[in-house]
Amino acid sequence: MPSPRLVDLDYAAELVEPGSTVTISGMTFIRNPVALVAGLVRRGVRDLCVVDREPGFALDVMAAAGLLRCVRAAMASFELYGLAPTVRRLAESGEIEYIEDVCGAVIAGLRAGAQGVPFMPARGLLGSDLLRLHEERWGTWRRIRDPWTGEELVAVRAIEPDYALIHVHASDPYGNAVIEGPRFEDELKIRAARRVIISAERIVDTEELRGFMHQLSATSIHVEAVVHAPRGAWPTAMPGLYQADYDAIRGYVEAARSGRAVEWVKTNLKRLMGGSG
């Protein structure tokens, strides 16, 4: 029986409401949900806030296309090219709000969201100016005391994004999905988000996944929509399938540094959609 969760890219993009908080899969130039982001670009979904530990290419494309209101991240990185160029420019000019975080706190917040608890304690955050900013401006951290030892800790408020956009290696039509290679925080994101949209290199029969049941990163109870998107992470890498396309990334960086990132995105939009556009 056909699954109503197996949808096309345009339908998936329609599910994401303007003004939402979004988290995205992978990091820097690895397994970004580029096809799903390209769908948002084509639809023109705006006023989004992205929360992630170390986003890269897909985040900058969202910034270049004018989709972002704010970013909360430990680092928006373009690896050997430095910081994400468009995000940096827009943050420095005040056109988007950049909420500076740290890796451990983002992971703690996602873990709290995934476990359904209001916060997660973390060490290593005391003594930083970020503590004051997160307490007073953003309301995302707060000093607490261990009730047993009295040790001062920082409670990181649960991160519960409205949407998680996750690119995977294989999924059945119901959202039972497998990620091969590094998973980063994606399994936490899937469980912390209120709604999950999956794009997959391959759509497979459920029977094919029976040998991977102990490796499933997402199951049908988490996932609202599944999109078939071959090469849906291009130009970022898909471990085991294809490498990052550094020629394309370099072209994007050069365009972004000369203020032409949005033209690069428009020119390459069909290719960014992979096999799903």
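Q: How much space lies in the largest pocket?
A: About 320 Å³. Keep in mind that this is a predicted model.

Q: How many residues line the largest pocket, and which lie nearest its centre?
A: The lining has 17 residues. T21, V51, R72, T140 and I159 lie nearest the centre.

Q: Which strands each supply at least two residues of that lining?
A: β2 and β3 do. The largest share comes from β3, with 3 residues.

Q: Switching to cysteines. How many disulfides does a search of the whole structure find?
A: The search finds 1 disulfide. C49 and C70 form it, with their sulfur atoms 1.9 Å apart.

Q: What parts does the pair tie together?
A: C49 lies in strand β2 and C70 in strand β3, so the link joins parts that are 21 residues apart in sequence.

Q: And which hand does the link of C49 and C70 have?
A: It is left-handed, with -120° about the S-S bond.

Q: Is C49 buried or exposed? And C70?
A: C49 is buried, at 9% relative accessible area. C70 is buried as well, at 4%.

Q: Now helix α6. Which of its residues are buried?
A: α6 covers residues 129-138, and the buried ones are L130, L131, L133, H134 and W138.

Q: Why are they on the same side of α6?
A: Because they cover an arc of only 165° around the axis. There is a general rule behind such patterns. An α-helix has 3.6 residues a turn, so residues three or four places apart point the same way.

Q: What is exposed on the other side of α6?
A: D129 and E136 are exposed there.

Q: What do the buried residues of α6 pack against?
A: Four strands: β3 (68-73), β4 (97-100), β6 (141-145) and β7 (152-157).

Q: What caps the N-terminal end of α6?
A: S128 does. One of its side-chain oxygens lies 2.9 Å from the backbone nitrogen of L130.

Q: And what follows α6?
A: G139 follows, and its phi is positive, near 65°.

Q: What about positive phi in a residue that is not a glycine, such as D47: what is its value?
A: Phi of D47 is about 65°. D47 is found in the loop between α2 (34-43) and β2 (48-52). At 40% relative accessibility, D47 counts as partly exposed.

Q: Last topic: which residues does a cis peptide bond join?
A: W234 and P235, with omega about 5°.

Q: Where is P235 found?
A: In the loop between β12 (225-228) and α8 (246-257). R231 lies in the loop between β12 and α8 as well.

Key: Residues numbered from 1 in each chain as written. Predicted model: local features only at pLDDT ≥ 70, side-chain atom pairs only at ≥ 80, totals over all residues. Heavy atoms only, no water. Buried < 20%, exposed > 50% of the residue type's maximum accessible area, 1.4 Å probe, protein only. Arc of directions from axis to C-beta. Contact = heavy atoms within 4.5 Å. Polar contact = N/O pair within 3.5 Å; in protein donor to acceptor, adjacent residues only side chain to side chain. Disulfide = S-S within 2.5 Å. 1 Å grid on protein atoms, 1.4 Å probe; cavity = no way out; pocket = protein on both sides within 12 Å on 5 of 7 lines; lining within 4 Å. Points joined across faces, edges and corners; volume = space filled by probe spheres on them.
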